[in-house]
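Below is a short report on one protein model.

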Amino acid sequence: MLLLGLVAGTVRAQTTAAVVPSSTLKAYALRLKPGADLRQQLTAFVAAHHLEAVAVLTCVGSLAEVSLRLANQENATHYRGHFEIVSLVGTLSAAAGGHLHLAVADSTGRTLGGHLLDGCRIYTTAEIVLGALPELQFGRETDPTFGYKELVVKKAPPRRVKKP
């Protein structure tokens with residue numbers, strides 16, 4: 001993350017992120033069908049493929065039910081109707097779980113967004129592209145600033161090569 005600060009009329013950049021390892025990218029494309037739970041299916045896909053560092057690259061589709069944890073709220077808020085998925089972003093890991101944000105628009109264009117929770121049911125489709133980063137491993141550790149478990153990026157352990 002890059003923060004810009006104004007110091008005596010000049011702009012000075014300060015970095016607050018540690019240097020992290022990079023990785024190649026392997027893309028997975030999938031389609032979820034009507035009635036599927038968006039979050040549960042993403043979690044199941046990542047677990048089934050033993051993926052430890054995944055970013056949501058894109059998602060379009062529609063939902064008939066939406067469950068979000070809105071900003072600065074502790075409990076879920078539920079909506080029923082027809083909603084277009086206008087954005088889904090976040091990170092996933094088979095071992096460490098995920099942190100996903102969803103934005104949807106209703107038939108008037110009103111947009112809602114928050115933390116994606118279980119209970120978001122596909123209406124017609126969800127077309128998703130995930131980017132796996134095989135040389136990385138995502139974890140979650142409590143950040144003392146606010147007490148939430150936040151993303152930790154590490155170099156993945158070397159993979160064992162199976163001998164014939």
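Which residue in E7 is the bridge partner of arginine 69? The partner is histidine 115.

This is a predicted model, so local features need pLDDT of at least 70, side-chain atom pairs count only at pLDDT 80 or more, and totals for chains, interfaces and linings use all residues. Residues are numbered from 1 along each chain as its sequence is written, and side-chain values use heavy atoms, with hydrogens and water left out.

**Strand pairing**

Helices (H or I, at least four residues) and strands (E, at least two) are DSSP runs, numbered from the N terminus. Two strands pair if DSSP finds at least two bridges between them. E4 and strand E7 (residues 111-116) run antiparallel and are joined by two bridges. E7 also runs antiparallel to strand E6 (residues 97-105), with five bridges between E6 and E7. Here valine 104 sits opposite leucine 112 of E7. The E6 and E7 hairpin has five residues between its strands. Glycine 109 takes a positive phi near 90° in that hairpin.

Most residues other than glycine have a negative phi. Histidine 50 has a positive phi of about 55°. Its place is the loop between helix H1 (38-48) and strand E4 (54-69). Asparagine 72 has a positive phi of about 60°. The loop between E4 and strand E5 (77-93) holds asparagine 72.

Histidine 50 is exposed at 64%. Asparagine 72 is exposed at 76%.

**Two buried residues**

Cysteine 120 lies in the loop between E7 and strand E8 (121-132). It counts as buried because its relative accessibility is 0%. Leucine 38 is 82 residues from cysteine 120 in sequence, yet the C-alpha atoms are 5.6 Å apart.

Arginine 140 belongs to strand E9 (residues 136-142). Arginine 140 is buried and has no salt bridge. The nearest side chain of opposite charge is glutamate 150, 4.6 Å away. For charge, Lys and Arg count as positive and Asp and Glu as negative, while His and the chain ends are not counted. The arginine 140 side chain does make a polar contact with the side chain of threonine 91, at 3.0 Å. A polar contact is a pair of N or O atoms within 3.5 Å; within protein, one must be able to donate a hydrogen and the other to accept it, and residues adjacent in sequence count only if both atoms are side-chain atoms.

**Salt bridges**

A salt bridge is a side-chain nitrogen of Lys or Arg within 4 Å of a carboxyl oxygen of Asp or Glu. The whole structure holds three salt bridges.

| Arginine 80 | Glutamate 65 | 3.5 Å |

Arginine 80 is exposed at 70%, whereas glutamate 65 is partly exposed at 27%. Arginine 110 is partly exposed at 46%, and aspartate 106 is partly exposed at 21%. Glutamate 141 is partly exposed at 43%, and lysine 154 is partly exposed at 43%.

How values were computed. Buried < 20%, exposed > 50% of the residue type's maximum accessible area, 1.4 Å probe, protein only.
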